[in-house]
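Please look at the sequence and the structure before reading on.

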Amino acid sequence: MNCIIVDDEPLARAEMRSLINEISKIEILGEFSNAPAALDFLKTNDADLIFLDIEMPMVTGLEFAEMLPEGTLVIFTTAYSQYALKSYELEAVDYLLKPVDPKRLEKAIGKAILYSELLSKNTIKNTVESNTEDFLFIKADRRFYKISFSDVKFIEGLKDYVVIHTRQQKLITAMNLKTIHQKISCEAFLRVSKSYVVNVDFIDSFDNHNIYIDESEIPIGEVYRSGFFTKYAGGFLSSD
């Protein structure tokens with residue numbers, strides 16, 4: 001896997017380069033101080049992953065993310081926590097606050113590597129073939145996989161695909177989040193943001209902004225917050 005770093009602060013780029021080299025074998029193709037320069041580079045080069053600052057001159061990181069080629073993964077790096085929800089709406093792999101914690105970076109890179117492998121595997125020929133009230137049949141590698149809803153922890157939107165996180169594995173299929181959510185009749189599944197549907201039976205804890213399932217931190221979108229608190233907590237807890 002390779003990457004580029006886009007940040008208008010030289011010290012931030014140097015720190016990110018040093019951290020990446022310490023904890024990963026990812027190849028760093030280049031570093032850029034602004035989005036237009038990075039975009040010019042991407043016209044003739046392919047980058048698997050972009051470490052992207054948000055507040056930059058000319059073009060912000062959020063605006064730049066919307067211009068990226070399909071399949072390019074993004075990890076936002078910023079000093080401002082208020083952009084977290086917007087970053088997940090853009091289906092970023094992760095959102096890291098500066099100063100970047102090495103363990104969080106290692107976790108984010110691991111997630112990006114996994115998703116890169118999932119996206120490239122068989123050019124995403126996996127499809128949902130049918131469903132019942134209790135399970136989905138997913139066709140992958142000329143085989144049919146029976147996915148019981150009771151085993152699905154959460155479903156994540158990723159570009160034009162969804163990643164189904166089960167107890168045993170992660171499966172990616174060419175379908176948007178809205179469509180697969182409509183195929184699931186089980187009331188245990190709640191849409192909690194533009195990019196996530198969760199099985200409430202697997203929720204370990206939550207706060208006003210995030211849901212925690214095992215090691216995963218799932219953001220709660222503004223539009224969905226009130227509905228989540230009403231449906232999951234029965235209206236006994238306030239989202240304010």
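The model is predicted: local features need pLDDT of at least 70, side-chain atom pairs count only at pLDDT 80 or more, and totals for chains, interfaces and linings use all residues. Residues are numbered from 1 along each chain as its sequence is written, and side-chain values use heavy atoms, with hydrogens and water left out.

A salt bridge here is a side-chain nitrogen of Lys or Arg within 4 Å of a carboxyl oxygen of Asp or Glu. The whole structure holds 9 salt bridges, including those in the table.

| Salt bridge | N to O distance |
|---|---|
| Arg17 and Glu31 | 2.6 Å |
| Asp94 and Arg104 | 2.9 Å |
| Glu156 and Lys111 | 3.6 Å |

Glu156 belongs to strand S9 (residues 152-158) and Lys111 to helix H5, so their pairing ties together parts 45 residues apart in sequence. Helices (H or I, at least four residues) and strands (E, at least two) are DSSP runs, numbered from the N terminus. Salt bridges with shared partners also join Asp7, Asp53 and Lys98 into one network.

Accessibility is given as relative accessible area: buried means under 20%, exposed over 50%, and partly exposed in between (1.4 Å probe, protein chains only). Glu156 is buried at 2%, and Asp94 is buried at 6%. Arg104, the partner of Asp94, is partly exposed at 31%. In the pair of Arg17 and Glu31, Arg17 is partly exposed at 32% and Glu31 is partly exposed at 30%.
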